[in-house]
Amino acid sequence: MLVDVSDVSTRTTVLDTEVDIPILVAPVAFQLLAHEDGERGMARSAADAGTVMCVSSLTSTRPAEVAECAPGGKRWMQVYLFRDRGVTRAMVEEAAESGYEALLLTVDAPFAGRRERDLRSGFQVPAEIRAPAIEGAVGHRSLTTAEVFELVDPSITWDDLERLCGEFELPILVKGLITGEDAALAVEHGAAGVVVSNHGGRQLDNAPATIDALPEVVEAVAGRIPVLLDGGVRRGTDVAVALAIGAQAVLVGRPALWGLAVDGEAGARLALEILGEELRLALGLLGASHPAALSGDHVQRRR
């Protein structure tokens, strides 16, 4: 208390990129399922919010088209390492040519998890919703979601990560780590950053919540590369907690997608605005005039 918070800013830098809020849009597949604005609308809303949109490999809109609709926006591309390395390479090349600034390599899905909710509901991606980024890379062949996961290489190792970091010019963040041991290995093998993630809780039963996994990852990385977090972020105070523990930023998937579903581009923009304003208020009430002013002193684990 009694700290001057007359001028509170949520601006920060994430992987050398200036953002207005430390809240990035997580890679979410098939956004045309939520609203006809799809990834184009999400890209414009992220650009308006002054933050990064992370585009999924399973985007329902070609990555180049996403870039064209928000030319001033900041974009990262999420990728998998496929058995055919040429597929991954083709996707990375398109992203680089379209102005994407970093890659998110998802490593927690060598196989698709048993997503029982989808099995119970019988959900299937409609035939008219395609995955043009991957389909283009494999030669414009139509693929189901299950067929996409069959393309993923389950034999990937840390040596593969190191080779990719040397091969691709774009920085690579490793997404899907929840232990300090893996985070340390990511640093040693050339990762530009790590994203503490459990794939939205849809891969491995009983995996820890990412906010519980975050402290040991931050400790293992020891400031050598940025640490980000996704999963479970629903309010600005959730963002503040993650930043205080040591994350440089968070990624939100469901909140932005829910906004898109409600009102397209405008709804996604509103969702990001709400989170940003909630974070601004939390910072002010914590006596922190900017995100970097948060520290472990601002949080206490529930006993």
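In the predicted model, the largest nonpolar core comprises 77 residues. Within this core, Ile-23, Met-53, Met-77, Val-194, Val-221 and Val-250 touch the most other members. The element that gives the most to the core is helix α11, spanning residues 254-285, with 8 residues. A further core of 15 residues lies apart from the largest one, and its members include Ala-102, Leu-173, Leu-228 and Leu-251.

The surroundings of Met-77 were examined with neighbours within four places in sequence left aside. On this basis, Met-77 is in contact with Val-55, Ser-56, Ser-57, Pro-63 and Met-91, among others.

Two helix pairs involving α10 were characterised. Two packed helices are described by the angle between their axes and the distance between the axes. Helix α9 (residues 210-221) packs with helix α10 (residues 236-245) at an angle of about 20°, and the axes are 9 Å apart. Angles under 35 degrees count as roughly parallel, and α9 and α10 are therefore roughly parallel to each other. The crossing of this pair, α9 and α10, is right-handed. From α9, the residues Ile-211, Leu-214, Pro-215 and Val-218 meet Val-241, Ala-242 and Ile-245 of α10. By class, the contact of α9 with α10 consists of 7 nonpolar residues, with no polar and no charged ones.

For α10 and α11, the axes come within 7 Å and cross at roughly 60°. This angle makes α10 oblique to α11. The crossing in which α10 passes α11 is right-handed. On the α10 side, Gly-236, Thr-237, Val-239, Ala-240 and Leu-243 take part in the contact, where they meet Leu-275, Glu-278, Leu-279 and Ala-282 of α11. The contact of α10 with α11 divides into 6 nonpolar, 2 polar and 1 charged residues, whereas that of α9 with α10 has no polar and no charged residues.

The relative accessibility of Asp-160 is 9%. Buried means under 20% relative accessible area, so Asp-160 counts as buried. When residues up to four places away in sequence are not counted, Asp-160 touches Leu-81, Arg-85 and Ser-155.

Terms used
Residues numbered from 1 in each chain as written. Predicted model: local features only at pLDDT ≥ 70, side-chain atom pairs only at ≥ 80, totals over all residues. Heavy atoms only, no water. Axes fitted to C-alpha atoms, helices over the stretch in contact; angles between N-to-C directions. Helix = DSSP H or I, 4+ residues; strand = E, 2+ residues; numbered from the N terminus. Parallel < 35°, antiparallel > 145°, perpendicular 65-115°, else oblique. Left-handed = near helix turned anticlockwise from the far one by under 90°. Contact = heavy atoms within 4.5 Å. Nonpolar A, V, L, I, M, F, W, Y, C, P; charged D, E, K, R; others polar. Core = buried A, V, L, I, M, F, W, Y, C linked by side-chain atoms within 4.5 Å. Buried < 20%, exposed > 50% of the residue type's maximum accessible area, 1.4 Å probe, protein only.
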